[in-house]
Amino acid sequence: MEEQKKRTAREIIENYDGPSVRIMEVCGTHTHEIFRLGIRKLLPKQVELISGPGCPVCVTPVSFIDEAIYLALEKNVTICTFGDLVRVPGSQMSLAGAREKGAKIHIVYSPADAEKYAKEHPEEQVTFLSVGFETTTPAGCLSVKQAKEDGISNYSLLVANKTMPGAYEALKGSADVFLYPGHVNAITGTELCEQLTEEGVSGVVAGFTAKELLTALAVALVRFQEGKPFFVNCYPRVVTREGSREAQRLVDELMEGCDSEWRGLGIIPGSGMQLREEWEAFDARKKYNMPKIEGKANPACRCGDVLQGKCKPSDCKVFGKVCTPQHPVGACMVSGEGACSAYFMYDTRG
Amino acid sequence: MENKIETQTVTMAHGAGGKQTSELIDKVFAAHFANPDLTADDAAVLVPPVGKMAVSTDGFIVSPAFFPGGNIGKLSICGTVNDLACMGAKPLYLTCAFVIEEGFPMEKLEEIAAAMEKTAKEAGVRIVSGDTKVAGKGQVDGVFITTTGMGQIEDGVKVGGELAQPGDAIIVTGDVGRHGCTILLAREDFGIEADVTSDCAPLWHTVEEVMHATHDLHVIRDATRGGVGTVLYEIAGQSNVGIRLDAEKVPVAPEVKGVCGMLGLEPLYLACEGRMVIMAPKAEAEKIVEALHKCPYSQNAAIIGEVTAEQPGKVVMTTEIGTQALLPQPGGELLPRIC
Amino acid sequence: MCVGLSAKVVKISNGTAVVDAGGAKREVSSQLLENLEPGDYVMVHAGVAIAKITDEDESETDQLMEELL
């Protein structure tokens, strides 16, 4: 042990000689940073990194894009969205395709900007595409509260926000250790992660800098060798045990849980969010009497298997051939965070 | 005030070829572009350059047309002059065609013409012929400009994207991504403020100084749309070589880094309009950088990597932790990444 | 899943804060955080300050490594 004291996180990773281990980075930004920093190149053979479902764009079902396009083209609604969603294919087309047909698609940095746009354009009906996990949901809720305060009635959300606990359940067997998404835990805290250890699920909360990622991986490897389920918060400068009470309270005031479809994982009970009845004036589905839309995904696309760690992007038949970042077939190729896009751009083809 | 045009905006009549058209040309364009070679006839009559000639054409649309550090007029001269300079060609002549939206403020058009005059003078190029069309409201966004430049290739200079060789040093003439970042902020879509001005600049004199420092140059390419990252991939492909980039050596202004951090963008893919990538044998690199540091638009010039024989067609970065990671190949519309 | 940016608070007013990251400034919501003061560092996501933080990962990781071994 004396010897080990001098070892850096990187040395621990590079010299890991324990049993083989599958580590799933749940968060898409982790996937992206791990590629950008070349961290995979440091890993010994028996350490496998799996890219999980933590990219909201990737798990957003085809039908959600179809709903947005319906609002834009049939109801003449101005769609405000994060840039991430613009190229995601729907059944017929993406939002970029709808824009070519005259749809008004406005890219924003924050839901607050979408609300502001609505306030400044009273002649337009404006809908924000509210996707994302626990980290992003409060921002959407704040924009709705602001709209109410401003007394505007031309602003609504098309909600597809999701929560992680159900996904962890669904993914339980897919990996030995989870690299938990630091910014989700900043909101939710870490109690759930601690509970999961009781079910035998191990994990570490990881930050996003090179140091933080390497440290989290080193901690995961050392603890894994000890053989018992574990949880360590490796991102304490941002993540506390209780998380953001204020954010939890805000979201609870406006939203409630519902069943939700995840691309590739199917419907996970209680894993989605919707606006509560008191706030339904801001719910685009109610406001526009949204018809039931059945999305049709390309059958050749294996995004679902990729998201569950059942196959690597390069195992998919369309990967890199028909499906490229310029012409994505599945959502995992669209977002810079998507596993397929990361594999493609950083060239781990085949 | 007889030299000033009276109407406040550009009208369809200014494009109809009659009196108003002549007035617009005389009082706005000719007044600024005046030089012995500028034609009032159908075509300019010029003395051809000695030796080889370079010709380049480029269309300019930029929204907004006015931005910190320049406007579409300055841009339309810089873009074409820089394309010529990249072939080692001294810019001699330039033609320009305007498509102006009905209702465009005359004062703004003046400002654009004045910027073109100033930039052309600085670059030592003469505007010899022009054309003006007016399009109906909404058919164009403000003003579009197309310029075509002709330049004289100095004797003994041969540079090109296919000439990069393993062992070459890769130099960038300044911090990257300023123009793209400036335009992004000027559109005010993201509510971000930062003190960033466009790098838009005419670079012929810079190239001239580099050529005085050494004749042993392989590639000079200006990094415009798609930024330095795109240029490196183009050259890696054209020359069938690999490129090693040292991530930490790429100069990026802290403000540009900050904006990119907020929007999840990579500075290497943001457009520049006054930056060049130069590849030359390593032994020449210091000399080149020294010469660049003496020029006004390349004080931050730096050696950022090298050309190798490995992984031809690829750009590989040495990351901040010393590992090698492929620079993702840029493509498609630059979209901010948030979630 | 969530691009976060650590930034310094330069101004506070009524539920909003102006944050600065390397000279890039943007107004964000500070409604999720109490007692924020200019000079504090926050983690920003989609226009909302989601957590008060320290700005460096050095001591954090040092301590974790210390505890680990």
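## Two domains in chain B

In chain B, the C-alpha centres of domain 1 and domain 2 sit 27 Å apart. Domain 1 covers 12-153 and domain 2 covers 168-326, with bounds taken from an automatic or database domain assignment.

A quick note on the model: it is predicted, so local features need pLDDT of at least 70 and side-chain atom pairs count only at pLDDT 80 or more, while totals for chains, interfaces and linings use all residues. Residues are numbered from 1 along each chain as its sequence is written, and chains are lettered from A and ligands numbered from 1 in the order in which they are written.

## Where the domains touch

On the domain 1 side of chain B, 24 residues are in contact with 20 residues of domain 2 (contact means C-beta atoms, placed from the backbone, within 7 Å). Helix 2 (72-85), strand 4 (89-101) and helix 3 (106-123) of chain B each give two or more residues to that domain 1 side. Helices (H or I, at least four residues) and strands (E, at least two) are DSSP runs, numbered from the N terminus. Helix 2 of chain B provides the largest share, nine residues.

## Where chain B meets chain C

Here the contact takes 16 residues from chain B and 12 from chain C. On the chain B side, strand 8 (192-193) and helix 7 (254-263) each supply at least two residues, and the largest share, seven residues, comes from helix 7.

Strand 8 of chain B also runs antiparallel to strand 3 (residues 24-29) of chain C, joined by two bridges; strands pair if DSSP finds at least two bridges between them. Ile192(B) stands opposite Arg26(C) in strand 3 of chain C.

Methods: Two residues are in contact if their C-beta atoms, placed from the backbone, lie within 7 Å.
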